[in-house]
Amino acid sequence: MESCHKFSFPLLTLLSLYMSFFVAHAEGSLTPRPFNNKITAAFVFGDSTVDPGNNNYVKTLFRGNFPPYGKDFTDHVPTGRFTNGKLSTDLIGIKEYLPPYLDPNLSIEELMTGVSFASAGSGFDPLTPQISSVISLPKQLEYFKEYKKRLQSAIGNRRTEAIIKEAVFLISCGTNDFVVNYFTLPVRRKSYTVSAYQQFVLQSFKQVLQDLWDEGARRIAVTGLPPMGCLPAVITLYSKNAILERGCIEKLSQVGMEYNQMLQNELNSMQGILAHLDAKITYVDIFTPLVDIIQGLGKHDFDEVSHGCCGSGYLEAGFLCNPGSFVCNDASKYVFFDSIHPTEKTYINLFMASRPVIDSLIQD
């Protein structure tokens with residue numbers, strides 16, 4: 001397995017990957033039904049798969065607040081979401097969409113029902129957000145503490161505690177650690193084998209989970225890694241023939257599958273230990289449904305599964321997918337909008353696949 005990191009890239013290609021990777025992890029008109037529950041708010045932490053625009057307020061090149069991003073969003077506004085429309089976290093049903101915490105225009109009423117603290121390009125490994133000058137997970141947690149103080153000042157401690165207690169927390173992160181960091185840059189590979197790095201990332205995640213628990217989180221959903229070898233940019237960089245051979249790079253997907261099993265075991269263990277304290281900690285599988293969409297029966301819902309809607313679809317993401325880029329007419333026919341990030345239709349499919357898990361998390 002460790003041999004899968006021994007690829008070498010031309011410098012220009014490596015730089016393109018470094019500058020353009022903002023990893024992610026039904027028809028666009030389909031709106032999932034609202035949850036029937038007493039959920040008070042949703043709080044989200046992670047990377048570009050759940051960042052609705054926090055990076056708009058950060059000095060980084062890793063932004064998506066320009067066309068063609070958002071081309072199918074309300075009023076065709078590029079909000080900072082790295083897709084053509086909504087993210088999975090916009091579909092929870094508490095409100096029309098989940099806003100970024102760093103938006104200075106949010107009202108207290110808006111804050112009360114939840115926000116996303118996520119930052120495109122971030123990861124559990126402390127080195128990962130440094131690569132792209134984005135918001136680390138510890139900093140996202142600091143923003144959550146700040147959020148609580150703002151809410152306490154406005155509505156009091158008791159109401160704030162009630163909101164936090166009944167809220168759902170979602171963590172979606174980790175792909176950048178492997179794709180942008182470990183397999184692209186040499187720093188971590190000098191110190192860690194693949195298996196050792198998986199453990200390192202997992203330990204970093206456990207600290208994030210512990211910190212959230214300490215801040216009052218009790219209903220926590222954690223998404224695993226996607227099939228990283230199926231991301232169009234990864235196929236482009238690792239395929240023997242990037243144009244003619246567009247199948248998934250199984251060695252990289254295998255790394256994600258192994259990590260997901262480790263993550264799942266850890267979450268099950270923590271749930272068992274904390275269940276008597278009203279914990280609901282659950283794993284959300286995005287690997288299996290995404291593989292089905294790309295390689296299984298789900299692929300019949302899409303015309304294109306191995307390259308994105310923006311540009312050539314092979315390597316463009318972030319500022320390489322810009323107002324001057326060619327854009328497909330109908331993004332719902334594509335699994336990916338750019339070379340990394342899913343389309344709104346894919347996000348809807350992934351949300352619907354995870355719906356039973358989320359339902360069980362938020363219902364008493």
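This is a short walk through a predicted model, from a central strand to its cores and then to one threonine.

Start with strand 1, residues 42-46. Five of its five residues are buried, so the strand is largely enclosed by the rest of the structure. Its side chains point two ways. Ala 42, Val 44 and Gly 46 point one way, and Phe 43 and Phe 45 point the other.

Strand 1 has partners. Three bridges join it to strand 2, residues 114-116, and the two run parallel. Here Ala 42 stands opposite Gly 114. Five bridges join strand 1 to strand 3, residues 168-172, again in parallel. In this pairing Phe 45 stands opposite Ile 171.

Now follow the phenylalanines into the core. The largest nonpolar core holds 84 residues. Phe 43, Tyr 147, Phe 169 and Phe 205 touch the most other members. Helix 7, residues 194-214, gives the most to this core, with nine residues. A second, separate core has 18 residues, among them Leu 98, Leu 170, Val 284 and Phe 351.

Finally, turn to Thr 128 in helix 3, residues 127-132. Its relative accessible area is 1%, under the 20% cut-off, so Thr 128 counts as buried. What surrounds it?

Technical notes:
Residues numbered from 1 in each chain as written. Predicted model: local features only at pLDDT ≥ 70, side-chain atom pairs only at ≥ 80, totals over all residues. Heavy atoms only, no water. Helix = DSSP H or I, 4+ residues; strand = E, 2+ residues; numbered from the N terminus. Buried < 20%, exposed > 50% of the residue type's maximum accessible area, 1.4 Å probe, protein only. Pairing = 2+ DSSP bridges. Core = buried A, V, L, I, M, F, W, Y, C linked by side-chain atoms within 4.5 Å.
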